[in-house]
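Welcome! Here is a friendly walk through one protein chain, from its overall make-up to a single residue inside it. Take a look at the model first.

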Amino acid sequence: MSSATSPAPTPLSSARVLWAKVDTGFWVAHHGGEYFGCVDAVAGGFVARDAHGVPIGRFDTLDSAKSSLRSTTHPVNVSRRRLLDRASLTAATALGGTALALGLTAGALAPYL
């Protein structure tokens, strides 16, 4: 009885990014079989979006737009990540402060209910 061996799955980190032109001025990337992002041609350049549809940035060439998806250390990606982290922290702080204020108000008003 012979057993067929199947190749080990390719880890996502070593899988290639595959590009497909799906429409005029629109390219879609797949990485390890999963949707990875896209690039749209716009007037005067290209806009790259990550797998969540969040714009990474506007680029002069198609290659630079595609490259921005491949690298999490790309300066545009690093600054975007910092901005999103800062915005998340600010929003969490504001929501926490609001929840604290409402909790204190409810506690103060409880004897009157």
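## Before we start

A residue is called buried when its relative accessible area is under 20%, exposed when it is over 50%, and partly exposed in between (1.4 Å probe, protein chains only). By that rule, 23% of the 113 residues of the chain count as buried.

This is a predicted model, in which local features need pLDDT of at least 70 and side-chain atom pairs count only at pLDDT 80 or more, while totals for chains, interfaces and linings use all residues. Residues are numbered from 1 along each chain as its sequence is written, and side-chain values use heavy atoms, with hydrogens and water left out.

## The overall plan

Helices (H or I, at least four residues) and strands (E, at least two) are DSSP runs, numbered from the N terminus. Here there are two helices and five strands, and from the N terminus on they follow the order β-β-β-β-β-α-α.

The chain exposes about 8,200 Å², with 63% supplied by carbon and sulfur atoms; accessible areas come from the Shrake-Rupley method with a 1.4 Å probe, and for residues only the protein chains shown count as cover.

## How confident is the model?

The predictor's confidence in each residue is its pLDDT, from 0 to 100. The chain averages 81, and 79% of the residues score at least 70. Over residues 1-14, however, the pLDDT is below 50. Where pLDDT is low, the predicted coordinates should not be read in detail.

## The sheet

Two strands pair if DSSP finds at least two bridges between them. The five strands form an open sheet in the order β1-β2-β3-β4-β5, with antiparallel pairing. Because β1 (17-23) and β5 stand at the edges with a single partner strand each, one side of each is left without a neighbour in the sheet. From one strand to the next, the twist averages 20°; axes are lines fitted to C-alpha atoms, for helices over the stretch in contact, and angles run from 0 to 180 degrees between N-to-C directions.

Let us follow the pairs along the sheet. β1 and β2 are joined by six bridges, and K21 stands opposite W27 in β2. Their hairpin has two residues between the strands, and G25 takes a positive phi near 75° there. Strand β2 (residues 26-31) is joined to strand β3 (residues 34-42) by six bridges, with A29 opposite G37 in β3. Strand β4 (residues 45-50) and strand β5 (residues 55-59) pair over four bridges, and R49 has P55 as its bridge partner in β5. In this hairpin, with four residues between the strands, G53 has a positive phi near 85°.

## A helix across the strands

Helix α1 (residues 62-70) lies across β1, β2, β3, β4 and β5, and runs at about 155° to β3. Which residues of α1 are buried? They are L62, A65, K66, S68 and L69. These residues are on the same side of α1, because they cover an arc of only 150° around the axis; the arc is that of the directions from the helix axis to the C-beta atoms.

## A closer look at V39

V39 belongs to strand β3 and is buried, with a relative accessible area of 0%. Contact means heavy atoms within 4.5 Å. Leaving aside neighbours within four places in sequence, V39 has contacts that include W19, F26, W27, F46 and A48, as well as L62, A65, K66 and L69. The C-alpha atoms of V39 and P55 are separated by 9.4 Å, with the two residues 16 apart along the chain.
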